[in-house]
Amino acid sequence: MAVIDFHTHVLPGIDDGSRHALESLDMLKLEAEQGIDSVVATSHFYAKHDRISSFLNRRQDSFETLQRAISQEYANSDSKSTEQLHKDLPRIYLGAEVAFFDGISRADDIHKLTVEGTNLLLLEMPFGRWTSGNMEEVRYLVHHSGLQIMLVHLERFLLVPENKKKIYELLELPCILQVNAGSMLKWKTRGQSLKLFKTKGSGILGSDAHGTDYRAPNLAAGREVLAKKLGQSFLDEMDRLGAELLADATVPVI
Ligand SMILES: [Fe+2]
């Protein structure tokens with residue numbers, strides 16, 4: 001079963017993730033070394049500062065810059081063919097990490113921010129205290145938008161104690177739980193992250209990698225902890241769900 005990293009900031013120069021194409025290339029190599037077959041590029045989208053159309057244009061430009069860097073790497077390599085290097089690096093799918101905003105559930109064109117070719121939308125909840133209006137809007141999005149909602153790094157919002165009950169309410173919705181691998185690696189956050197997985201009964205681990213030094217790809221280490229704590233069968237089920245989510249995804253070509 002293919003191993004997929006659903007949450008990465010691997011595209012260069014578009015958000016607070018990879019700063020340039022060579023860093024992106026190094027991130028992809030780290031992912032490959034960890035046995036990751038595919039990554040979803042989930043650059044930040046903030047409705048407050050951006051329009052969907054300009055975000056998509058910048059994302060395409062960034063992706064093309066990365067593809068050129070990969071081609072250049074092939075050209076510089078004596079021992080490997082372009083084809084081989086392509087095979088060595090994970091496949092990249094284009095998506096977005098969409099920050100919650102008031103009105104998101106009824107926003108035109110929000111479907112354009114799904115992982116390309118799918119109806120999967122990665123939603124980042126607000127970092128402050130959630131209101132009942134926020135909750136209503138997520139419920140509406142889950143039930144009426146026709147999109148499949150993946151709630152990213154839900155464990156991070158436990159930092160606001162008032163959100164705890166609401167986080168568990170969200171787990172009851174037909175949506176997908178995503179936890180960051182880094183949260184499995186720190187004893188302080190491991191227990192509560194495992195509890196989210198156990199409560200939901202399923203979920204996706206993502207690296208939320210931002211670079212090669214700071215918040216570097218760490219999915220393999222997180223998977224190891226998860227397998228140890230919840231069993232290999234939980235991990236197998238996670239990979240099966242991941243494959244299903246990307247079954248219709250398109251691979252971008254330039
Ligand atoms: Fe992220």
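Modeller: Happy to! At 34% relative accessibility, D109 counts as partly exposed.

Biologist: What makes D109 partly exposed?

Modeller: Buried means under 20% relative accessible area, exposed over 50%, and partly exposed in between (1.4 Å probe, protein chains only). The 34% of D109 falls in between, so the label is partly exposed. D109 also has a positive phi of about 70°, although it is not a glycine.

Biologist: Before we go on, what should I know about the model?

Modeller: This is a predicted model, where local features need pLDDT of at least 70, side-chain atom pairs count only at pLDDT 80 or more, and totals for chains, interfaces and linings use all residues. Residues are numbered from 1 along each chain as its sequence is written, and side-chain values use heavy atoms, with hydrogens and water left out.

Biologist: Why does R215 count as partly exposed?

Modeller: Its relative accessibility is 29%, so R215 is partly exposed. R215 has a positive phi too, about 50°, and is not a glycine.

Biologist: How do you know that the buried residues of α5 line one face of the helix?

Modeller: Helix α5 (residues 164-171) has I167, Y168, L170 and L171 as its buried residues. Seen down the axis, they fall within an arc of 155°, so they line one face. The arc is that of the directions from the helix axis to the C-beta atoms. Helices here are DSSP runs (H or I, at least four residues), numbered from the N terminus.

Terms used:
Helix = DSSP H or I, 4+ residues; strand = E, 2+ residues; numbered from the N terminus.
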